[in-house]
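Okay, thanks everyone. Let me put this one up on the screen and walk you through it.

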Amino acid sequence: MTRFVLRRLAVAVPLLLIVAAISFFLVQLVPGSPAAAILGNTATQEQVDTLEQSLGLDQPVLSQFGQWLGHALQGNLGASYTTGQSVSDALAQSVAPTLSLAILSTLLTLVVGLVLGMAAAVRGGRTDRLVQWTGSLGMAIPNFWLAALLIFVFAIKLSLFPAIGYAELGTDGIGPWISHLVLPIIALSAVNLGQIAFQARAAFTDALSRDYVRTLHATGVPRRRVLYKHVLRNASVPVVQVTGLTFIFTLGGVVVLELIFTLPGMGNLMLRSVQNHDFSVVQGGVLYFSLVVVLVNLVIDVATAALDPRVRVR
Amino acid sequence: MTTATVPAHGTQGVGEPLAQPGRPRPRGSFATAIRDALHRPAILIALGWVVLVVVSSVLAGVLAPHDPLAQDLDNRLAGPSATYWLGTDELGRDLLSRILHGGGVLLLAALIPVVVAYLLGVPIGMFVGYVGGRADALADFVVNVLFAIPALVVVLAVSVVTDNNLPFMTVVFGVIVSGGIFRLVRASTQASRDLLYVDAARVSGVSRWTILLRHILPNVLGPLIVQGFLLYSGAFLFLTSLSFLGLGFDPQQPSWGQLVFDASAHLDDDPWLMVPIGLVLIATVAALNYLGNSLLATLPTARRARLLTPPRRPVLPPEAAAGTVPEGRRTPAAAEPADTDVPLVVEDLVVSFRTPEGGWQPVVDGVSFAVHRGETLCLVGESGCGKTMTALATLGLLPEGGAAAGSVRLAGRELLDLSEREMAQVRGSQIALISQEPMGALDPCFSVRSQLGDVVKLHRGGSRAEVRRRVHELLRLVGIPNAESVAKSFPHQLSGGMAQRVCIALALAGEPSVLVADEPTTALDPTIQAEILDLLRSLQETLGLALVLVTHDLGVVADIGDVAAVMYAGQVVELAPVDELLAAPRHPYSQGLLDAMPEDAVRGVPLPTVAGMVPLPKDWPGWCRFAARCPLAVDACREGPVPLLAVQADRTSRCIRTDELARSQELATTGVTP
Ligand code: SF4
């Protein structure tokens, strides 16, 4: 198992480097100079030159990359072009809402999706159709529209949850923190839930038809134990893996929902920086988001390896 | 030689109630399935909606009652009216016109990622899947990178870099999602590459690209179309998100995501704004998804039966329980019900499966036999004769959709009347099963110790140390000397022979008196087969088990069997002591099996060399079921069902011409060979 984790880490590191390079060179594609873009149309050439110099943009691209990477490895992603604030500080401050939302939603969809998929596969018939219909409906509702609906019903009409904003888990306590996250989590989870439930249904259907089910029965293991111990474990492996694949789309949803629920997260930070042409923050943001994806996938790899010994040798 | 192609038709399993996995599907069935799908109302509605959306978006300029940008400041946030059918927004602009105008660009732009993903994924996937090796590893790494890229965030970055250039953003999105298409194509290519006909084509010197295009592409086409459809619907949703965020689309022109954004600003004073655009969006995505998923359902998937026992055991209705053999034509098994020397008695067993039409199709039709202590009864026959279903029915482990009637008595107790819970207590402790595929028969997620320990604990309890000791004892009992290390292994670390030994240990853990073995050696190497058979024989002797062994291999029967029940088309056609059967079969089918067996009876060599095929259950005739293949068939054989007839004290045969058969055998042995 330790060797497996080490091997996965060994793959994750070059992956991160490449993603870092992508996020750096992406900005190099800007037609013209970022400095000009920041300063707008009215800037004189002189002003642009000065800004370029102070940002180090006058140096060769590769040495810029080397410098940026060197700093990034020390946790320094430079300063925001517009506010002058340290990019890593800005990102660190906004990471909590984003991660809370993404991770809670992922866990929720995983658990509920497994339950729904299992019910559909095991019981079949009407339960199966019900799960399929709700799953399809969930997948068809755009999360931003669902978010607006939830705000309308639960925040404006029923006043059950706050419509917008965020409460710190550390300073405000768990109650306010959760109540600010309930609606965003539901809005975010609906689409993924359908997908995970479908995957789980397929995975359970497959696991239920495996020969070991018959072997276990033949040795006298009761039905429930076969289902909850053996079938559940086998079926959850592909489902957990798919959760890893859909996580990148979950993050996309987080960006959208942060905007609606005005959560002070990385998504909103990115959106603001995109509007302000704040390249250094955008660059750092892409890196941060990718880091999250890579870490989450690492966790998922380890989880599947813990569930299924065959994954460990791969 | 021209390119040899192996026909993909007619390879469907004989007598299997459900499709077998991994069989190539007849070509053209995808198109047929689509044609069928077009007759379903839900599909037509979904398709109709998509067409409506596309057409009205194209004709928005003509259809829209108002200019989508024209402001009517006196009628701000007005509800639906005769002038403004769906009401107006915060600037008094007509909602209907804005919706009509707001979908076109989205629907069009969502095509770009799909096209990009195809252009990248298909050729690269085919190439890499075909050549394999380094190219494969490299491409796989690139795809891993793509899968680590948060699409929306990168597209955000692209939007700032390209100054909100929508085509560029969609292309980038297409590149990011192309990994899915790539993997699909690569996997199918790898699979097709190994198929016989591609090999044949390769040998005959057809160029690589010709092979790829002509042979592999058609196989991938179905899944590819489905995937493209789902991708399109995903891209559409993605782009509406962008439009909602105010990115990529001209802020002056209406677009659907942006309409939701505008509406969300008026949740408290005009929630109506949300409704029309929401319904349009949901209906469109739902229709696209539904079409995609229906397409997906047309693809052939290996649907296998569930093996989990239902909470309540299904019961055959009386009319199905009788099977097809008329009353009074059956032969009862010759044993007293409570005879302890005869632990297993099966009488008039009928196994039927639910047909798609709602009826019942028998696959086992009135089978009777009895097994004595310390005796091995072999159920012999080609596949599709009902041997396995007979064996599984004795344990109450028929696959989903199957049900049994008749009588299965274990030590005098009627098993078919037991509830699932009672049956679970009988299984393992009184009757156990060894199945065909040892590798699949063990749960891959648990170690041997854990699986075996569970069963030991279930049957006799005990402390951890005791269970552990018993596990090792069992493993040694089945001839595994290094029990400690095997106990620690996981199923995938075991060889086939080793796994089968573990399965036997599992079966013995509850100390049953009857062991049912379903082709226990078929999946193994010939040398290992002999070892497993020896093991079974010695276990049977030391433990005094009654063994029911299902096999298609007369070599195995000769080796280990005491009594043989030859099965054909769901019935026992001959029941005889093994040595007598081998010396002088009294049924033409047994004779055929014997003739097909090579002289020096090599075990493991299959015997389907009797000309013709076992009829499918639905084609069983109302007379002798073997007549179509029988060299001795006469008109009398086709007059009605043939009962099991006694030929000797301990032998029965379902044939009216056993004397003829005996005579021909005599002729053959007296040496008058032509
Ligand atoms: S009854 Fe007739 S057809 Fe059937 S096996 Fe005997 S001889 Fe052949």
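Predicted model: local features only at pLDDT ≥ 70, side-chain atom pairs only at ≥ 80, totals over all residues.

So, Cys445(B) is buried, at 1% relative accessible area, where buried means under 20% (1.4 Å probe, protein chains only). Cys630(B) counts as buried too, with 16% relative accessibility. Cys445(B) is in none, and its nearest cysteine sulfur, on Cys503(B), is 16 Å away.

Residues are numbered from 1 along each chain as written, chains are lettered from A and ligands numbered from 1 in written order, and side-chain values use heavy atoms, without hydrogens and water.

On to the ligand. Residues with a heavy atom within 4 Å of it include Cys624(B), Cys630(B), Cys637(B) and Cys655(B), along with His587(B) and Arg657(B). That shell splits into nine nonpolar, one polar and one charged, with Cys, Ala and Pro among the nonpolar types, Arg among the charged, and Gly among the polar.

How far do we trust it? The scores are ipTM 0.85 and pTM 0.84. Chain B averages a pLDDT of 82, with 88% of residues scoring at least 70; that's the predictor's per-residue confidence, from 0 to 100.

Terms used:
Disulfide = S-S within 2.5 Å. Buried < 20%, exposed > 50% of the residue type's maximum accessible area, 1.4 Å probe, protein only.
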